[in-house]
Amino acid sequence: MGTRDVRRTEIPPGTLDMLILKTLSRGPMHGYGIAEHIHQMSEDVLEVEEGSLYPALQRLLIQGWVSAEWGQSANNRRARFYRLTKAGRKQLDHELSEFQRVIRAIGRVIQTA
Amino acid sequence: MGKLWRKLLFLIRRSQFDRDLEDEICTHLEMKAGAGGGTVDARYAARRKFGNTMLLREQSREMWGWAWLETLAQDLRYTFRMLRRSPGFTAVAVLTLALGIGANTAVFSVVDTVLLRPLPYPDSERLVQMWSTKANTNRWGIWTAYPRFLDWRRLATRFEDMAAVRFWVINLSGGDHPEALHVVVTSSRLFQVLRVQPLLGRTFLPEEDQPGHDHVIILSHGLWQRRFGSDPTVIGRAVDIDQQSYTVIGVMPPGFRFPPDLTASWSIDAWLPPAPDPSRNERESNNYYVVARLKPGITVAQAQAEMDAIHHGLAERHWEDRDLGVKVAGWQQQVGSEVRPALMILLGAISLVLLIACANVANLLLARGAVRQREAALRQALGAGRARLIRQLLTESVLLATFGGTAGLLLAYQGLRLFIQLAPDIPRLNETAIDPRVLLFSAVLTLGTGLIFGVVPAWQGSKMDLQNALKESGSRLTGSSDRARVRSSLVIAEMALALMLLAGACLLLRSFLNVEQIDPGFNAKNLLTAFVMLSPAKYPDPRSQAAFFREVIDRIASIPGVECAGGADSAPMLTNDAGTVSIEGHEARPGEQVIQAERPKITPDYFRAMGMRLVRGRTFTWADNESSLPVAMINEAAAREYWPNADAMGRRVKLEDGSAPVWRQVIGIVGDVRQDGLVEAARPEVYAPLLQSPVPYLALAVRTRVEPAALTGAIRHGVMAIDKDQPVLQIQTMQQVVSDSVAGRRFQMALMALFASLALALAAIGIYGLMSYSVSQRTHEIGIRMALGAKREEVLLLVVGQGLLLAAGGVALGIGGALILTRFLASLLFGVGPNDPVTFAGVSLLAVSVAAVGSLIPAWRAARIDPMEALRYE
């Protein structure tokens with residue numbers, strides 16, 4: 001099937017939503033932009049599969065945490081921009097604090113090794 | 001909630017969503033390609049890394065949660081196409097289901113109205129009926145006497161309100177013709193008990209119970225429309241009732257019906273206060289029934305306890321109450337109680353018919369399933385799970401059932417109208433309609449039916465036997481033996497159910513024929529009956545009453561075509577006049593039971609007109625009048641009961657009915673008649689001459705030489721010639737009366753016979769279907785047999801034998817089931833036991849014969865198979 005890119009790492013399950021919401025907290029963005037942003041900000045560690053990105057975006061739309069509308073991209077292409085809603089912002093805060101709580105707990109377990 | 005809203009929006013904008021996603025993916029790809037350099041290679045690389053767009057699209061769509069709806073829609077469309085492609089199958093299945101579901105809906109509708117639905121009054125569950133019971137036999141039915149009711153009303157504390165009613169007939173004159181009205185005579189609080197408001201005017205005041213204030217009348221809506229032209233100024237108007245002036249004080253609303261179990265054959269025209277007759281001992285006339293409303297929180301048991309205590313106290317002071325008890329029961333349960341067993345049996349029977357119909361349709365589906373197995377295997381090979389297949393097949397069944405159910409509703413509607421027309425007097429029947437409750441029942445039944453008959457074919461049709469099914473020669477499918485077993489079991493089950501219904505129907509039929517054979521004690525052929533009720537104002541004293549009736553009888557007897565005429569104040573199977581008698585030498589002492597008997601007052605030719613036998617002595621003549629020796633006649637039952645070891649002739653009896661009872665001498669004995677109906681045994685009767693004990697109403701008995709119905713007009717004219725304002729009521733032939741008395745039994749028998757025939761027909765169709773299929777499967781084998789020398793007759797016998805084997809299995813199973821179930825019929829049977837062997841043998845023979853006929857056609861086809869063709873057949 002060809003050589004796998006060594007840098008490709010799976011995004012931990014359940015965190016994709018949080019990453020997308022965090023990305024959008026910096027401003028509205030289209031799908032490709034979100035994927036690229038996550039890829040770059042994680043220093044090429046995390047690569048978002050399109051097959052999981054778009055379904056995740058649908059989920060966020062259903063929950064009302066993001067909204068979408070068509071607009072012009074940087075290259076004057078017609079693209080669909082996603083924007084964080086107020087509810088989405090609250091959800092982001094909630095998920096961030098949850099995530100950090102879990103990380104700290106894991107950290108405690110690992111440290112006492 | 002915003003979530004739900006967004007989801008619904010998605011549903012509407014589905015195609016827009018698809019387009020948006022399409023565009024988004026395009027843009028994404030372009031951007032990716034652009035990032036990689038914008039070359040063709042970069043574009044292809046981008047596409048490869050993008051992955052499976054189809055999958056992405058599907059997953060994105062699925063997020064919105066409507067996947068189940070889409071698969072359902074898909075299944076429905078598919079099923080529609082399949083059903084359209086085989087119209088014959090669809091038609092047969094839908095018709096079978098329509099019959100089953102429709103019939104069940106109709107019967108349930110009746111059961112719901114008559115047994116389940118609350119009475120049409122507010123808070124009807126607190127309404128009760130009260131009546132006096134006879135200590136040993138409870139034969140009084142639901143009546144009590146007015147003075148006793150007054151005591152009850154005075155003494156009871158656990159009731160909000162109480163009212164006593166009785167049915168009567170009055171003559172309304174004025175206008176262009178006099179009219180006899182059916183009325184309810186009631187104490188003042190009836191409408192308070194029922195909590196019903198009048199449409200116009202008011203209801204009774206408490207003082208209107210008493211003489212002097214009681215000439216008021218409340219009209220029914222029907223009477224108001226018919227006779228008074230819906231005139232709103234009718235309140236306060238005077239009307240002529242029985243030659244006396246009554247004031248109209250109110251009109252009831254159109255939907256009001258009292259009592260609720262009155263059938264459509266006659267309706268109540270008006271309500272009147274009671275007119276107590278001080279001359280009679282009214283405490284003995286048990287002709288009122290009492291309805292009452294319990295106080296909130298009081299149960300029927302508590303009310304019963306209080307009434308028992310009250311009754312105890314009353315019985316000590318009044319000899320008429322000594323022999324009686326008192327019963328309190330919920331009104332709604334009472335109303336349907338007589339017909340409940342019969343209705344439940346009908347419901348059970350029609351449910352069995354539905355099961356048979358389900359089995360037939362299941363068989364049809366199984367047969368089709370065999371043909372579609374290749375298609376099913378293909379779908380499974382392409383990745384459909386078994387659950388998915390089952391779901392699709394069940395969708396098919398439920399859709400078929402829905403078609404059947406819808407058609408069934410139409411059938412039910414028509415069937416109900418027919419039922420209401422043809423049925424005998426079933427309480428509350430005319431309230432029956434297809435209302436939301438019935439519709440809900442029908443919907444649930446339809447769904448259940450679809451699942452029941454669909455589950456077996458769905459299970460079979462989704463079996464994963466891919467290898468065999470996909471092979472070219474897969475026509476002789478290995479799953480077929482399994483399938484054949486299932487189909488055979490279904491047919492056997494059908495036969496069993498049909499046999500049970502046949503047994504029940506046959507038992508009822510025999511019972512009915514037995515009852516029809518019973519001799520009622522009089523000759524109902526060429527006998528007319530009619531009622532004449534004199535208004536007390538016009539004929540106030542007994543002499544004028546007796547004289548009037550004598551003249552009427554003489555005049556009628558002289559009509560050409562009339563052989564003789566007589567009259568009595570009661571008629572068998574129509575009315576009665578029971579009360580206390582005293583036997584000389586056996587006077588009842590305080591504390592002892594009083595003797596009850598029928599005490600008709602008759603004219604001299606009564607027995608001759610009725611065709612009753614004179615056993616001993618002589619009948620009355622017009623010479624037995626008020627100035628001659630008081631005489632009486634008795635029937636054989638009375639002779640047996642009161643003088644079992646002695647001669648009754650010459651003995652003396654006294655009819656304790658109020659004014660001044662005298663000792664009468666028995667001068668004759670007549671044969672028994674069945675007063676209460678053909679089935680109930682005759683009760684003792686003590687007859688007195690009308691001239692010696694006059695009454696203001698008479699039931700005529702007219703024996704004719706010609707067709708009785710032809711003389712109806714002549715009789716009416718005969719009476720009106722004497723008094724032009726005197727209407728004659730309910731002229732009918734006694735044959736009609738006797739027939740009506742068994743109308744309920746006849747109707748039930750007819751319905752059961754209909755259901756049983758339906759069941760048998762369905763079972764026969766089931767056998768026919770299975771045999772046809774079996775023959776077509778075994779064509780190859782039959783061809784071999786014939787090639788090896790088997791004769792046509794042998795092949796015929798082979799197939800019929802197979803059918804008979806199935807039938808025998810079904811019959812055996814059915815007999816077992818019938819032996820258990822027919823005991824529920826026991827209360828309806830007469831002269832034949834629930835496990836009557838002759839009946840069972842007969843229906844078994846019938847069932848097996850029908851099965852043989854059902855197998856005959858396929859057998860005939862099998863016998864005509866050309867071996868050459870068959871051997872080539874794959």
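Q: What percentage of the 113 residues in chain A do buried residues make up?
A: In this predicted model, buried residues make up 27% of the 113 residues in chain A. A residue counts as buried if 20 or more other C-beta atoms lie within 10 Å of its own, as exposed if 12 or fewer do, and as partly exposed in between, with C-beta atoms placed from the backbone.

Q: Why is B:Thr406 called partly exposed?
A: B:Thr406 has 17 other C-beta atoms within 10 Å.

Q: Which elements does chain A have, and in what order do they run?
A: Chain A has four helices and three strands, and from the N terminus on they run α-β-α-α-β-β-α. Helices (H or I, at least four residues) and strands (E, at least two) are DSSP runs, numbered from the N terminus.

Q: How do you know that β2(A) and β3(A) pair?
A: Strands pair if DSSP finds at least two bridges between them. Seven bridges join β2(A) to β3(A), so the two strands pair. They run antiparallel, and A:Gly71 stands opposite A:Ala79 in β3(A).

Q: What makes β1 (29–30) and β2 (66–72) of chain A edge strands?
A: The three strands form an open sheet in the order β1-β3-β2 (chain A), with antiparallel pairing. β1 and β2 of chain A each have a single partner strand, so one side of each is left without a neighbour in the sheet.

Q: How many residues of chain A are in contact with chain B, and what makes a contact?
A: Contact requires C-beta atoms, placed from the backbone, within 7 Å. By that rule, 16 residues of chain A are in contact with 21 residues of chain B. On the side of chain A that touches chain B, α3(A) gives the most, with eight residues.

Key
Residues numbered from 1 in each chain as written. Chains lettered and ligands numbered in written order. Predicted model: local features only at pLDDT ≥ 70, side-chain atom pairs only at ≥ 80, totals over all residues. Contact = placed C-beta atoms within 7 Å.
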